[in-house]
Amino acid sequence: MARFPKGYVKPTDSCDSCLAWGNFSGRLCSTCYMFGRGHDAAACTGCRRVQPLKWNYCRLCWCQARLSTKAVVGQSADETDVRDRLAAVRHHQLFFVGMHYRRRPTPAAPVDFKSSETFVWL
């Protein structure tokens with residue numbers, strides 16, 4: 001028996017864990033689902049929500065610490081710096097699902113057919 005009627009499209013929603021907006025099939029985005037499989041849930045030190053934790057911080061706090069790290073260029077990313085950035089999180093910037101590591105498409109190299117040599121394979 002199908003969960004939804006045929007042709008049903010789930011509307012865009014926010015993830016219950018990281019609050020990111022996007023199109024995904026369940027209550028959690030795929031990244032939060034995988035994060036939760038490997039970490040135990042408890043109260044987050046940063047935001048006080050009961051979520052799966054890594055170093056006592058939830059995934060949303062980790063995302064915010066990562067964004068603030070990208071804003072400061074030229075600093076090392078050693079463990080003490082990461083812990084300081086996690087402790088400094090005081091707000092959360094909402095984001096879209098799947099936009100964190102999106103790579104820019106590389107433009108194709110221009111080809112000049114007039115000056116290129118023709119190779120003949122025998």
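A salt bridge here is a side-chain nitrogen of Lys or Arg within 4 Å of a carboxyl oxygen of Asp or Glu. The model is a predicted one. By that cut-off, the structure holds two salt bridges.

**Salt bridges**

Arg-27 pairs with Asp-16, and their closest N and O atoms are 3.8 Å apart. This pair links distant parts of the chain, eleven residues apart. Arg-27 sits in the loop between β2 (21-22) and α1 (30-38). Asp-16 sits in the loop between β1 (13-14) and β2. Arg-27 is exposed, with a relative accessible area of 61%. Asp-16 is partly exposed, at 41%.

The other bridge joins the side chains of Asp-81 and Arg-85, at 3.6 Å from N to O. Both residues belong to helix α3 (residues 79-87). They are four residues apart, so about one helical turn separates them. Asp-81 is buried, and Arg-85 is buried too.

**Cysteines**

How many disulfides are there? The count is zero. A disulfide needs two cysteine sulfur atoms within 2.5 Å. The sulfur of Cys-44 has its closest cysteine sulfur in Cys-61, at 3.7 Å, which is too far for a bond. For Cys-58, the closest cysteine sulfur lies in Cys-47, at 3.6 Å, and that is also too far for a bond. Cys-44 is buried, with a relative accessible area of 1%. Cys-58 is likewise buried, with a relative accessible area of 1%.

| Cysteine | Closest cysteine sulfur | S to S distance |
|---|---|---|
| Cys-44 | Cys-61 | 3.7 Å |
| Cys-58 | Cys-47 | 3.6 Å |

**The chain as a whole**

Three helices and four strands make up the secondary structure of the protein chain. Along the sequence, their order is β-β-α-β-β-α-α.

The protein chain has 122 residues, and 24% of them are buried. Its accessible surface comes to about 10,000 Å². Carbon and sulfur atoms account for 57% of that surface.

Contacts give another view of the chain. Take those between residues at least 6 apart in sequence: 40% of them join residues at least 24 apart.

**Recap**

Arg-27 is exposed and Asp-16 is partly exposed, whereas Asp-81 and Arg-85 are buried. The Arg-27 and Asp-16 pair connects two loops. The Asp-81 and Arg-85 pair stays within helix α3.

Definitions and conventions: Residues numbered from 1 in each chain as written. Predicted model: local features only at pLDDT ≥ 70, side-chain atom pairs only at ≥ 80, totals over all residues. Heavy atoms only, no water. Buried < 20%, exposed > 50% of the residue type's maximum accessible area, 1.4 Å probe, protein only. Contact = heavy atoms within 4.5 Å. Areas by Shrake-Rupley, 256 points an atom, 1.4 Å probe, with all protein chains shown as cover.
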